[in-house]
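This briefing concerns the structure shown below.

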Amino acid sequence: MPIAQPRRSLVTGANRGLGLEFVRQLLARGDRVVAACRHPGKATALNALAGEHPGRLHVLPLDVADEKSRTAFAHELPLVCDGIDLLINNAGVLHSGERWGGISAANLEDSLRTNAIGPFLLTQALSSQLADGGTVANLSSMMSSLGTDPDFHSPSYRISKTALNMATKMLAKALEPRGITVIALCPGWVLTDMGGSGAQITPGESVSELLETIAAATPARSGGFYDRYGKAMAW
Ligand code: NDP
């Protein structure tokens, strides 16, 4: 059976943007939170939150794109947490300004490593620490959708998020026997460094709706792709 209100949560890319807002709202609802980011020493906002919530927020280093970092993280996690009910694979990268004729292997590789390989292999590395009946939420994007006109905007990002969608389905299958629900979510177009100043909604609004959708996720919805309100999206 799914857990109605996860209590031990892990967020990747937690030092800014949507990740930081996930941490804020998870703490506000009473969760114990592990916030993973590349450079904890520079994560001022996260460290301030950790000071306000002693014992309830742990900040650990994790570069999701790096195998050694994922392995070290998987070893360190049990030292601060006795299991994870909710894993939010939030960390992501978008290389802007790509133009046909000048797409670099470096951008494509970095996008795939960060946006698809990272969440997939991190979830595999942490699977024994995920609680039965828990939830994995992968931050995808409507830009991944094969049904949309790609209009040659951000190709490395789009290709990597489409790969993340398949990774979501594969993880859902792998974790199905343990009642773990794995979903892909589009947060909307959000005012963050990635979303830019033209975006439509605040991180606060997006995350509050995403957390409601995550809380309502059941095994029957596992392997699906949803908007922030929980409406199914086209792959
Ligand atoms: P931001 O660019 O504002 O933040 C990205 C976060 O990911 C940062 O914390 C960054 O850390 C972290 N990150 C990047 N690469 C790595 C890595 N290799 N290892 C660990 N952390 C990493 O993005 P948003 O907050 O807007 O986006 C969060 C998620 O939501 C992403 O997956 C994104 O694709 C998705 N999304 C966002 C939308 C939007 O409109 N904002 C729309 C659709 C999807 P650092 O500070 O170290 O760079």
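In helix H6, the residues Pro203, Ser206, Val207, Leu210, Leu211 and Ile214 are buried; a residue counts as buried if 20 or more other C-beta atoms lie within 10 Å of its own, as exposed if 12 or fewer do, and as partly exposed in between, with C-beta atoms placed from the backbone. Viewed along the axis of H6, these buried residues fall within an arc of 130°, so they line one face of the helix; the arc is that of the directions from the helix axis to the C-beta atoms. This is a predicted model, in which local features need pLDDT of at least 70 and side-chain atom pairs count only at pLDDT 80 or more, while totals for chains, interfaces and linings use all residues. Residues are numbered from 1 along each chain as its sequence is written.

**Confidence**

- The chain has a mean pLDDT of 96, and 97% of its residues reach 70 or more; pLDDT is the predictor's confidence in each residue, from 0 to 100.
- For the complex, the predictor gives an ipTM of 0.99 and a pTM of 0.97.
- Where pLDDT is low, the predicted coordinates should not be read in detail.

**Helix H6**

- Helices (H or I, at least four residues) and strands (E, at least two) are DSSP runs, numbered from the N terminus.
- Helix H6 comprises 13 residues (203-215), which at 1.5 Å a residue should span 18 Å, and its end C-alpha atoms are 18 Å apart, in agreement; the expected span is 1.5 Å times one less than the number of residues.
- The cover over the buried residues of H6 includes helix H1 (17-28) and the strands E4 (84-89), E5 (130-139) and E6 (181-185).

**Helix H2**

- In helix H2 (residues 44-52), the buried residues are Leu46, Leu49 and Ala50.
- They cover an arc of only 105° around the axis, which puts them on the same side of H2.
- The face turned away from that buried side carries the exposed residues Thr44, Ala48, Gly51 and Glu52.
- H1, strand E2 (32-37) and strand E3 (57-61) pack against the buried residues of H2.

- Leu18 is found in helix H1 and is buried, with 24 other C-beta atoms within 10 Å.
- Apart from residues up to four places away in sequence, Leu18 touches Asn90, Leu139, Pro187, Val190, Thr192, Pro203, Ser206 and Val207; two residues are in contact if their C-beta atoms, placed from the backbone, lie within 7 Å.
- Leu18 and Arg7 are eleven residues apart along the chain, and their C-alpha atoms are separated by 19 Å.
- Leu10 belongs to strand E1 (residues 8-12) and counts as buried, with 32 C-beta neighbours inside 10 Å.
- Beyond its neighbours within four places in sequence, Leu10 is in contact with Val34, Ala36, Ile84, Leu87 and Ile88.
- Although 25 residues apart in sequence, Leu10 and Ala35 are 5.9 Å apart in space, C-alpha to C-alpha.
- Ile183 is placed in strand E6 and is buried, with 22 C-beta neighbours inside 10 Å.
- Not counting residues up to four places away in sequence, the contacts of Ile183 are Ala137, Thr168, Ala217, Arg221, Ser222, Gly224 and Tyr226.
- The C-alpha atoms of Ile183 and Pro219, 36 residues apart along the chain, are separated by 9.6 Å.

**Ligand surroundings**

- The ligand is surrounded by 30 residues, of which the closest are Gly13, Gly17, Gly92, Thr192 and Gly195; a residue is near a molecule if its C-beta atom, placed from the backbone, lies within 6 Å of it.
- H1 provides the largest share of this shell, three residues.
- By class, the shell has 14 nonpolar, twelve polar and four charged residues; Ala, Val, Leu, Ile, Met, Phe, Trp, Tyr, Cys and Pro count as nonpolar, Asp, Glu, Lys and Arg as charged, and the others, Gly among them, as polar.

**Exposed loop residues**

- Arg99 is found in the loop between E4 and helix H4 (105-126) and is exposed, with 8 other C-beta atoms within 10 Å.
- Arg99 and Pro119 are 20 residues apart in sequence and 27 Å apart in space, C-alpha to C-alpha.
- Asp151 lies in the loop between E5 and helix H5 (155-175) and counts as exposed, with 7 C-beta neighbours inside 10 Å.
- Although Asp151 is not a glycine, its phi is positive, at about 35°.
- Phe152 is also placed in the loop between E5 and H5 and is exposed, with 11 other C-beta atoms within 10 Å.
- The phi of Phe152, a residue other than glycine, is positive and near 50°.
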